[in-house]
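Thanks for coming. I will go through one structure briefly, so please have the sequence and the model open.

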Amino acid sequence: MDAAVSNLNVSNLNEATGVQGGPIKRFVFTHFQPAMLVAMILFWTFAPDSIAKPATAVGIGIVFKLCLLGMERISERHASWRLTWKELASDVFYVAISYTLVKYVGKNFGDDAIIDAIKGYFHIKTAWAAQIPILFQALAILLIFDFGQYWMHRGMHNWYPLWLTHAPHHHITQLNALKGSVGNPIELFLIGLSFGGFFDFLPRAALLAGGIGMAVGAYTHANIRFNTPRWWSYLFNTVEHHSLHHSPDYDSSRTNYANTFIFIDRIFGTCVDSQSERVGLDDCRRLPIKDQMLYPFYPMVDQVKKWRLSRTAAAVPAE
């Protein structure tokens with residue numbers, strides 16, 4: 001086991017791999033994550049209604065990703081994860097897909113559409129949810145989503161039909177700030193489902209939840225070295241945790257399923273406080289876009305080919 005761990009470049013979170021540089025750099029990369037979390041809470045709580053809109057959230061998300069890409073150049077975690085032009089072009093394609101196709105399908109056919117139909121049919125009313133303080137509404141939205149996402153993600157690793165949609169995401173061979181969008185669109189749709197829509201939380205609470213989620217979860221795929229506070233790593237998912245989840249080692253990839261709150265993994269015994277530089281699946285071969293899109297259907301195609309071959313063989317008369 002020790003040899004396997006060594007080959008995978010797995011190390012403990014407490015390993016001395018802090019940010020190197022002057023006092024300003026160390027200060028920024030020690031306090032950036034908590035500061036951004038506080039900033040998102042304050043902005044979405046107190047911003048005027050004319051600004052607090054979904055379009056603003058999209059704009060902030062794009063700017064934040066660009067900011068993280070810049071930070072990757074300043075405080076790089078691993079040179080092997082360095083973003084190349086080829087990787088950048090591919091990643092931008094997946095980000096565009098997530099902002100357009102996946103978002104459209106999710107809005108019109110996802111959990112909101114299903115839940116609205118159920119609530120309308122059974123006359124379910126939960127107006128009381130809007131009376132809860134907005135920060136607690138946002139935390140409830142996040143916890144409900146992350147709890148469901150935890151079990152969906154865990155199911156994707158333990159049930160073959162779901163695994164076929166999720167496996168493409170594990171074929172990435174490096175982590176960077178855009179890699180969270182890389183995957184098959186079916187998986188991106190499934191992983192975004194939630195049952196939080198059964199509660200009539202305020203629209204602003206959903207925006208606040210999205211801001212908090214971004215301020216916590218955006219780093220899990222980022223090639224950035226932080227001096228992450230110990231309390232942060234105990235509560236929230238980090239790039240250390242998620243890099244271990246992307247390890248080629250089978251047992252390591254069955255850990256750290258939560259998207260935002262790593263304490264959910266701690267509760268269910270699937271959290272491992274380690275990290276891995278080497279990421280990927282099987283032989284760590286990077287999948288081209290075509291294979292990413294078609295991967296879930298390859299077993300079906302293979303079965304059809306085998307069926308056609310057997311039919312052809314059966315039709316050939318014996319000599």
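Buried here means under 20% relative accessible area, exposed means over 50%, and partly exposed lies in between, with a 1.4 Å probe and protein chains only. At 16% relative accessibility, Ser 194 therefore counts as buried.

Some ground rules. This is a predicted model, in which local features need pLDDT of at least 70 and side-chain atom pairs count only at pLDDT 80 or more, while totals for chains, interfaces and linings use all residues. Residues are numbered from 1 along each chain as its sequence is written, and side-chain values use heavy atoms, without hydrogens and water.

Back to Ser 194. Ser 194 sits in the loop between helix H8 (185–191) and H9; helices are DSSP runs of H or I with at least four residues, numbered from the N terminus. Leaving out residues up to four places away in sequence, Ser 194 touches Asp 111, Ile 115, Ile 144 and Phe 145, where contact means heavy atoms within 4.5 Å.

Now the core. A nonpolar core is a set of buried Ala, Val, Leu, Ile, Met, Phe, Trp, Tyr and Cys residues joined through side-chain atoms within 4.5 Å. The largest one has 43 residues, of which Phe 32, Phe 64, Leu 68 and Tyr 219 touch the most other members. Helices H2 (23–46), H3 (54–74), H6 (134–158) and H9 (203–217) each supply at least two residues of this core. Which helix gives the most to it? H9 does, with eight residues.

Separately, Leu 68 touches Phe 32, Ala 177, Ala 218, Tyr 219 and Ile 224, again not counting residues up to four places away in sequence.
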